[in-house]
Amino acid sequence: MLLPETSSRQVPVNKLVKDAAEAVADIGDGAAIMSGGFGLCGNPENLIQALHDRGVKGLTLISNNCGTTDDGLGLLLKAGQVERMVASYVGENKVFEEQYLSGKLAVELVPQGTLAERIRAGGAGIGGFYTRAGVGTEAARGKETRVLDDGHEYVLEKPLKADFALVHAYKADTWGNLVFRKTARNFSPLMCTAARVTVVECEHLVGVGEIDPDQIHVPSIYVHRLFQGAGFQKWIERRTVRRRSC
């Protein structure tokens, strides 16, 4: 594939890699990683497994949560690969609780809307923003606060960035334009903008031009590596069945 010609040279676009193992081959110890997902919905399953198999240590994970005890990002936590977690929810994971209470895991809890906005700010080049969320709580400890013109107190929150963003998309073309499916979109589009390298696994890979431009959620400029995933399990945290009245 070729980019539109802007000079006498044409620049080839090749973001495709063979598989998840190749996609994470340069992620080393101590890397800061954003991982898409809300609970287990929209997790980059192939990439998480490849990162586990790679055995890197001392990771900082930025995600809504750390999966469950056995699934999602919990796989990395259980293997002792995570040093620090930045998240808005930490339930459903007994290993998380044990490691935090024993001092093995550093945790930064962030209100969920603030987490999303900090990631967005990181991708948009915003140096910080004021929010009322967390004022007067542990979330504001050590942070600058200010009373603004409306008379309310606000806390200054700083942007979040990462070395890598690991993302699951429903559909992608070979240039890296992305489409997500329903709630599996969650934090992923924001993370694509806030990482130095964005790595995407997709369920369906199509040719350039096969996605309606109006349907693209993330343009290809934010994507650096791409492959078609396989064997998706699409875990469910808690399976519930509604009782029917008849």
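**View 1. The largest pocket of this predicted model.** About 260 Å³ of space lies in this pocket. A pocket is an open set of points on a 1 Å grid over the protein atoms alone, where a 1.4 Å probe fits and protein lies on both sides within 12 Å along at least five of seven lines. The volume is the space filled by probe spheres set on the points. Lining residues have an atom within 4 Å of a point. There are 14 of them, and Cys-41, Gly-42, Ala-184, Glu-203 and Lys-234 are the closest to the centre. The lining has five nonpolar, four polar and five charged residues. Here Cys and Ala count as nonpolar, Glu and Lys as charged, and Gly as polar.

**View 2. The largest nonpolar core.** Such a core joins buried nonpolar residues (under 20% relative accessible area, 1.4 Å probe, protein chains only) through side-chain atoms within 4.5 Å. Helix 2 (45–54) supplies at least two core residues. Its share, four residues, is the largest. Helices are DSSP runs of H or I with at least four residues, and strands are E runs of at least two.

**View 3. Lys-182, a residue with positive phi.** Its phi is about 50 degrees, although Lys-182 is not a glycine. Most residues other than glycine have a negative phi. Lys-182 sits in the loop between strand 9 (178–179) and helix 6 (188–194). Lys-182 is exposed (over 50%), with a relative accessible area of 65%.

**Notes.** Residues are numbered from 1 along each chain as its sequence is written. Local features need pLDDT of at least 70, side-chain atom pairs count only at pLDDT 80 or more, totals for chains, interfaces and linings use all residues, and side-chain values use heavy atoms, without hydrogens and water.
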